[in-house]
Amino acid sequence: MKKHFLNDNDFLLQTETAQELYHSFAKSMPIIDYHCHLPPDQIATDKQFENLTQAWLYGDHYKWRAMRSNGVNERFCTGDAADIDKFQKWAETVPYTLRNPLYHWTHLELQRYFGINDVLNGSNARRVYESCTEQLQRSSHSVRGLLNQMRVETVCTTDDPADSLEHHRKIADEQAAGSEFTISVLPTFRPDKAMAVENAAEFNRYVARLEEADNSSIATFDDFMGTLRNRHDYFAEMGCKLSDHGLEQIYAADFTDETVRSIFNKIRSGSELSSSEVLTFKSAMLVYLAEMDWEKGWTQQFHLGALRNNNSRMLSLLGPDTGWDSIGDFSQARALSSFLNRLDTSDKLAKTIIYNLNPADNEIMATMIGNFNDGSVAGKVQFGSGWWFLDQKDGMEKQMNALSNMGLLSRFVGMLTDSRSFLSYPRHEYFRRILCNLFGNDIENGELPDDIEWIGQVVQNICYGNAKSYFGFSSKPVAATV
């Protein structure tokens, strides 16, 4: 029987067993969003968006890429066109996104947040825009209201070591004083710029930012690491439990402390580094930072494989993170093995999540994690969920199948949004439906036992319980201590 796309309660659920797993076990689980790029200032101020374009299109390079591919002029993506006109162009693009995950996400978001079941197109764009914009003025659709609607329990933002975390502090202080808003909003330590030594002037400007943030002076490499440690400690005081690195690949060149100090002195003098010096410095920093994470019991995350800023002309006009990145084909296995092995050998390997952007690396990652799972923690080293270009049905299924075949899907910490939009939380529903469909099909094919209670519990753990236990999140908000 033909299913109805928008009004079908069993979207993506192909069997009765999949439907039971989703509706009875997965659907009602709270959300732990342990990696995202939501702006914490908007949570702190409980921002009320003026219209749907501001909530939905500002900063969304997924949509911008689709609009550009559909022949839409840049002024309707990132330019000075009126918000209603930008939305009109997006609505006209949506019918052409068939089989792109944007088509599913768009309509799930319209349904879940705004109760709109129509298929969005150019003809109904203004009516949809006006209805959603009106709802966005309600308290239920403020930033905090949107998070509450989706049963979000924890949000981990992505933050530079030089960030003040003032907005996290404001939220935590309000919660400690009895605020009705109880979602934990925690920082994540993202020290990419502390390793970005390809350009001496930019690196030294960043060091100045660190000095200001820590009220310290950085003359030597030991000063530099001391300041980073101070910031690491500060993040921990603010409830941080994760670090994150966005890298093309892991760096694992041999180094000595003396060599690293010499390289640091060279770049601080304003001299550019050679390619071998850049590699050596990055390799050392990864180890030093990983050891800090291990000391605090944090989880370290590595997002590997993005080839960024491919269009130099548009990069110069719009800057990074505006839709000009793609999948890279970097060699991953040997350096990743060397890095993890070095930390494991010294018994300083923190809990680790590895995300790959190239699906050709799925089996590499799925087998690599098994090399360093030592029995101390269930799923200590994780193969992360389908990321960026892979957080769609095919990408998620391939990631989970590789993990199933070569590891333990049952210990997987599940989905995250990796989003800058407060309207992205139906991505968790999307993941949960796909997960339940995988298990449901296996049960109905006789490949798994018809033990709904046990497999339902495994589903709930993947959706929520594993992450809760793995990261050690509390249900109670973390009060600021500084």
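Select strands β5 (residues 299-304) and β8 (residues 351-356): the two pair in the parallel sense over 6 bridges. Pairing here requires that DSSP finds at least two bridges between two strands; strands (E, at least two residues) and helices (H or I, at least four) are DSSP runs, numbered from the N terminus. This is a predicted model, in which local features need pLDDT of at least 70 and side-chain atom pairs count only at pLDDT 80 or more, while totals for chains, interfaces and linings use all residues. Residues are numbered from 1 along each chain as its sequence is written, and side-chain values use heavy atoms, with hydrogens and water left out.

Within this pair, pick glutamine 300; its bridge partner is threonine 352 in β8.

Now show the whole sheet. It is open, has 4 strands in the order β4-β5-β8-β9, and its pairing is parallel. β4 (242-247) and β9 (381-383) are at the edges with a single partner strand each, so one side of each has no neighbour in the sheet. From one strand to the next the twist averages 15°.

Next, select helix α12 (residues 257-268). It packs with α13 at an angle of about 120°, the axes being 10 Å apart. The two are therefore oblique to each other; angles under 35 degrees count as roughly parallel, over 145 as roughly antiparallel, 65 to 115 as roughly perpendicular and the rest as oblique.

Move to helices α10 (residues 200-214) and α11 (residues 221-237), whose axes come within 10 Å and cross at roughly 55°. That makes α10 oblique to α11. Phe203, Val207, Leu210, Ala213 and Asp214 of α10 make the contact with Phe224, Thr227, Leu228, Asn230 and Arg231 of α11.

Finish on phenylalanine 224. Leaving aside neighbours within four places in sequence, its contacts are Ala194, Phe203, Val207, Leu210, Ile218, Phe264, Phe281 and Met285. Phe224 is also listed, with Tyr34, Phe87 and Leu147, as having the most contacts inside the largest nonpolar core, which has 153 residues. Such a core is a set of buried (under 20% relative accessible area, 1.4 Å probe, protein chains only) Ala, Val, Leu, Ile, Met, Phe, Trp, Tyr and Cys residues joined through side-chain atoms within 4.5 Å.

Note on methods: Buried means under 20% relative accessible area, exposed over 50%, partly exposed in between (1.4 Å probe, protein chains only). Contact means heavy atoms within 4.5 Å. Axes are lines fitted to C-alpha atoms, for helices over the stretch in contact, and angles run from 0 to 180 degrees between N-to-C directions.
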